[in-house]
Amino acid sequence: GEITMNNTEKFIGLKEEIITENEDKYGTELREKYSTETIEKSYQKMRKMSTWEFQEAERLNEAILSKLALIYTSNPTSKEAMELCKLHQTWIQFYWPVYNEEAHYQLVKMYTEDDRFTTYYDKVGTGATLFLFQAMKHYLKV
């Protein structure tokens, strides 16, 4: 039969669906890179997200892509590029249990090395992923 769910139950189900999809796609490699404990803490943080936090993370993701589309052919050390990096940091902090600059750098570096992520960011324009990486190196002073 059908189950009638309220909005809270639907939201919980949506978050669990996202976690399951992430685990299916990336679970093994994430655990190799970051440890099971780190991944589980990240999942717990997501499970505790309020509706506002979830919507804000989604909004930030869209803002990152929009801003990247506008500036990826410009100077990666520009004020606009640093604003983009700050948006990315804020977005990451919705999901990571603890923010770490080195981990952030490694994540964005991985975007340039993994076709799945390069495709995602380069959908706004060829070279956008590399621009984000170059901007992040400057932002994080690496």
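I started with α5 and α6, which are roughly perpendicular to each other (65 to 115 degrees; under 35 is roughly parallel, over 145 roughly antiparallel, the rest oblique). I noted that this is a predicted model, where local features need pLDDT of at least 70, side-chain atom pairs count only at pLDDT 80 or more, and totals for chains, interfaces and linings use all residues. Residues are numbered from 1 along each chain as its sequence is written, and side-chain values use heavy atoms, without hydrogens and water.

I checked the axes (lines fitted to C-alpha atoms over the stretch in contact, with angles from 0 to 180 degrees between N-to-C directions). Helix α5 covers residues 101–113 and helix α6 residues 115–122; their axes come within 5 Å and cross at roughly 90 degrees. Helices here are DSSP runs of H or I, at least four residues, numbered from the N terminus.

Next I listed the contact (heavy atoms within 4.5 Å). From α5 I found M110, Y111, T112 and E113, meeting D115, F117, T118 and Y121 in α6.

Then I turned to rings. I found nine aromatic pairs in the structure (ring centres of Phe, Tyr or Trp, its six-membered ring, within 6.5 Å; planes under 30 degrees apart are stacked, over 60 edge-to-face, the rest tilted). One of them, W96 with Y99, is stacked, at 6.2 Å centre to centre and 25 degrees between the planes. Y111 and F117 are also stacked, because their centres are 5.3 Å apart and their planes at 25 degrees. I saw ring pairs link Y26, Y111, F117, Y120 and Y121 into a cluster.

Is Y111 buried or exposed? I read a relative accessible area of 2%, so Y111 is buried (under 20%; exposed is over 50%, partly exposed in between, with a 1.4 Å probe and protein chains only). W96 is buried too, at 17%.

Technical notes. Helix = DSSP H or I, 4+ residues; strand = E, 2+ residues; numbered from the N terminus.
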